[in-house]
Every structure is written in C-alpha cells, then in structure tokens.
Amino acid sequence: MNDTAPRDAREPLLAARDLVKTYGRSDALRGASAELRAGEVLAVTGASGSGKSTLLHCLAGIVRPDGGSVTYDGQRLDGLPEARLSELRRTDFGVVFQFGQLIPELTVLDNVALPLLLAGTARARARQRAGEWLERFGVRGRGDLRPGEMSGGQAQRAALARALVTGPRVVFADEPTGALDSLAGEQVMTALVHTAREAGTAVLLITHDAQVAAYADRELSLRDGAVVTGAAVTTGVTW
Ligand code: ADP
Ligand code: MG
C-alpha cells in the first residue's frame, strides 16, 4: 500500500487541464479538463467517440496529450520519461478495461499475483495476497481456473482484484461492466466501489450507463472531446 498523503488535501490528486489530443483528422480531446480527489469515485460519461477513453489514457499516463497538462500528486506527468511513467503506473495506478484482459495462459490466481511479482514481492506471498483479493471479490475458489473457464462477471471481478492488489491510489476503469448482463454488472460495480471506498482508492470510471454512474460521487460528461455539464459548456469549445 502506498501511504504517502497528497501534498495538500485540498489539491486534487490527479488533474487534467485543457487536454488536446488529435489522431489524424480526429480531435479526440479538444480542451478537456478533469480533477480527481484522493478517494473519490468519478464517473465519466458521454456518447461513443466523445473522448472518454482518450481522457482516461492521458490521465493514466498511457497516452501523451498534444496539449494541456496532467498533474499527479503535485508532479507533471505529461513530460515524464516513459520509464518513470511505467514505474508510476505499476506502483500507483490500477487499470480495468471492458474485457478484463487477463492473460489467458495463466491461472486466475497467477494473473492477480502478477503485478505483485513485477513489484518484487516473493512468489508465495504474492500468491497468498492474490488469493485474499480474489476472496474479497467473491471468486477465491476459482483461482486455479484459466480466465476462459470463468463467466464474464467472474473474470471482471478477478480483473478488479488484479487492479487493486498492489494498493494503488487510483484505479482507472474503462466501461468495466460494458460486456456484462445487468446482474453481473451490478455485482462488479458494487465490488469495485465498495472495495475502493474501503481502501481509500480513487476511481475514474467510464460508463455509458446512468445506473452505473449513480455509484459515483460525481459525474463528468464529455461531448466532442470537451467537458459539458448538462447543456452548459465548461470549456472554451462551442458548437
Ligand atoms: P470514447 O471512449 O468516448 O468512445 P475515444 O476516446 O475512444 O472515445 O475516441 C475519441 C475519438 O478519437 C474517436 O473519434 C476515435 O475514433 C478517435 N480515436 C481514439 N483513439 C484513437 C486511436 N488510437 N487512433 C485513431 N483514432 C482514435
Ligand atoms: Mg472508450
């Protein structure tokens, strides 16, 4: 668990300011800003193609914005060298995607233990911790299975265990329930929000689903690569 407190509790833990990102002729982000406070659950909503995933990738240090800044715990992320970024992603961030992207050749237990092994934890201890996290997400008895042998909901809960096992300060979840039926989606969301709140982990959660957004403390809505609040535009972009 990373237990360094933010420099100033009033400051956001993670902040994107005026992000611009262009892919060829497509403006994925056109001046989007977002803030995430320590321990906060923020839902990011918006139509398909509105820039949600690009915003998440920029905040998580996976994609470099063309313009604007990303600040994490008082330091600029957008200019950091790749090696520092990938270390930070390993120690401070967890990610979950729509299809959990567990490694199919490994057992579920080894998938969850992997981030700990990469961080230098001894194998026996890593597997023990992985088992504890699978238990928290209600899939402990399934640890010896391969991901393909589980249901979609179970695999997503295992992916959440993998994202949280290192004690990250921020979890990024990109439509984690998008491929699940509503009952399994509900179980995944409940598990994510409950566990994150218990651990004090901040969550940035992308979703299409208003019911899922209802689990969040706050909702931020994107349209055409910029943030909108209802009908009101909060950036300089007009349309
Ligand atoms: P959302 O997650 O809201 O569906 P995205 O951030 O994935 O939106 O995409 C925003 C826009 O940027 C879309 O027009 C999409 O086609 C484009 N885009 C996103 N990622 C890439 C990429 N890697 N290469 C080319 N275009 C991309
Ligand atoms: Mg997306």
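## Ligand 1 and its shell

A backbone N or O atom of serine 50 lies 3.2 Å from an oxygen atom of ligand 1. This is a polar contact, that is, a pair of N or O atoms within 3.5 Å. The model is predicted: local features need pLDDT of at least 70, side-chain atom pairs count only at pLDDT 80 or more, and totals for chains, interfaces and linings use all residues. Residues are numbered from 1 along each chain as its sequence is written, chains are lettered from A and ligands numbered from 1 in the order in which they are written, and side-chain values use heavy atoms, without hydrogens and water.

Strand E2 and helix H1 (52–59) are the elements that give two or more residues to the shell around ligand 1; H1 gives the most, with three residues. Helices (H or I, at least four residues) and strands (E, at least two) are DSSP runs, numbered from the N terminus. The shell residues, each with a heavy atom within 4 Å, include Tyr23, Ala47, Gly49 and Thr54.

Strand E2 (residues 26–36) runs antiparallel to strand E1 (residues 14–23), and eight bridges join them. Two strands pair if DSSP finds at least two bridges between them. Leucine 19 has alanine 32 of E2 opposite. Two residues separate E1 and E2 in this hairpin, and glycine 24 in the turn has a positive phi of about 55°.

Strand E7 (residues 170–174) is largely enclosed by the rest of the structure, because five of its five residues are buried (under 20% relative accessible area, 1.4 Å probe, protein chains only). Val170, Phe172 and Asp174 point one way, while Val171 and Ala173 point the other way. In a regular strand the side chains alternate between the two faces of the sheet.

Strand E6 (residues 93–96) runs parallel to E7, with four bridges, and valine 95 stands opposite phenylalanine 172. E7 also pairs in the parallel sense with strand E8 (residues 202–206), over five bridges. Valine 171 has valine 203 as its bridge partner in E8.

Technical notes: Buried means under 20% relative accessible area, exposed over 50%, partly exposed in between (1.4 Å probe, protein chains only). A polar contact is a pair of N or O atoms within 3.5 Å; within protein, one must be able to donate a hydrogen and the other to accept it, and residues adjacent in sequence count only if both atoms are side-chain atoms.
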